[in-house]
Amino acid sequence: MPLLGLGVYLVPDGEETENAVRWALEAGYRHIDTAQAYYNEASVGRALRASGVPREEVFVTTKFNPRLEDPVAELERSLERLGLDAVDLYIVHWPQGGPVWAWPGMERARERGLARSIGVSNFGAAELEEVIVAGEVPPTVNQVKFNPFYFRRGLLEACERRGVALEAWGSLTQGNEIDDSAVAALAKRLGRSPAQVLLRWAVQRGVPVIPKSRRRERIVENGRIFDFALSEEETSGLDRLDRSGGTDAALEGPWWTPAAVAGGLAGRPPRSPRD
Ligand code: NAD
């Protein structure tokens, strides 16, 4: 899995998603992260085809929407929308209904060659363990909210122990902490942007990132993270911003429970306030 990908959560289907994917591929990204619940797979597929970049060079992830029933049937629909024979990674988007029920269907999707690998998302250490124990094939990836403010050291260690790659969503804090003064000061000293510092913090420890933007200049900026490095001291300074307490949980609270939906989250992750 390439360490840098483009995420397209909340990028509207149509021209905006097509442009974002095109600009990312032009900037050298070779990894796109979409989901059934993002409703923009068809635009991702169109942009991939129009780019002329060979299919085998691009790592494509989509996610099973656990509000639905059948991972195989839903992946077949995704592939039709994407115009692909297979995705590189298919992940259970969140553990709604418990961590294990969808896994046999995910394994079938892999066996049938519809997904080259399968994984999970928003699974804490205990949930990950349940899937590994119950399944025939372990998840390759656990995609979770991960950045210096949500370092989740316990979960990272649990993934490492089990040979599961932790992949970061929210690596740019969904825009919320980009202006943090410690990050800004470090960025200024390095002659980099705060976004580049946050992304570098993750990739330097081998954690793949999938930053999202609809703006070309930001997509390009977010891709320029392989020509500088953070010192050990700089990395541990960022580590100390952690507010997760080194947790091995994936989330501060589930957004899919009836209580969360009634609380106004409308059953989906909080929106990025800015683009
Ligand atoms: P993110 O942390 O990537 O933040 C994106 C926001 O950061 C943008 O909306 C914008 O406000 C800001 N931003 C982007 N580039 C910037 C720059 N260069 N300078 C300043 N601000 C900048 O948040 P995200 O989109 O929630 O997460 C990234 C991707 O992860 C998503 O698009 C999606 O593919 C995936 N994701 C997965 C889950 C999951 O449950 N598995 C949940 C959320 C997101």
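Me: Which residues is Asp 239 in contact with, leaving aside its neighbours within four places in sequence?
Reply: Asp 239 is in contact with Pro 148, Phe 151, Arg 153, Trp 201 and Arg 205. Contact here means heavy atoms within 4.5 Å. This is a predicted model, where local features need pLDDT of at least 70 and side-chain atom pairs count only at pLDDT 80 or more, while totals for chains, interfaces and linings use all residues. Residues are numbered from 1 along each chain as its sequence is written, and side-chain values use heavy atoms, with hydrogens and water left out.

Me: Why does Asp 239 count as buried?
Reply: Asp 239 counts as buried because its relative accessibility is 13%. The cut-offs are under 20% relative accessible area for buried, over 50% for exposed, and partly exposed in between, with a 1.4 Å probe and protein chains only.

Me: And where is Asp 239 placed?
Reply: Asp 239 sits in helix α10, which covers residues 232-239. Helices (H or I, at least four residues) and strands (E, at least two) are DSSP runs, numbered from the N terminus.

Me: Switching to helix pairs: at what angle do α7 and α8 pack?
Reply: Helix α7 (residues 181-190) and α8 pack at about 95°, and their axes are 8 Å apart. The two are therefore roughly perpendicular to each other. Axes are lines fitted to C-alpha atoms, for helices over the stretch in contact, and angles run from 0 to 180 degrees between N-to-C directions. Under 35 degrees counts as roughly parallel, over 145 as roughly antiparallel, 65 to 115 as roughly perpendicular and the rest as oblique.

Me: Which residues make that contact?
Reply: From α7 they are Val 183, Ala 184, Leu 186, Ala 187 and Leu 190, and from α8 Pro 194, Val 197 and Leu 198. By class, the α7 contact with α8 has eight nonpolar, no polar and no charged residues. For those classes, Ala, Val, Leu, Ile, Met, Phe, Trp, Tyr, Cys and Pro are nonpolar, Asp, Glu, Lys and Arg are charged, and the others, Gly among them, are polar.

Me: How about α2 and α3, at what angle do they cross?
Reply: Roughly 45°, with the axes of α2 (residues 41-51) and α3 (residues 71-82) coming within 7 Å. That makes α2 and α3 oblique to each other. Glu 41, Ala 42, Val 44, Gly 45 and Arg 49 of α2 meet Ser 78, Arg 81 and Leu 82 of α3. This contact has three nonpolar, two polar and three charged residues.

Me: What does Glu 76 touch, not counting residues up to four places away in sequence?
Reply: Arg 112 and Leu 114. Glu 76 is in helix α3, and at 34% relative accessibility Glu 76 counts as partly exposed.
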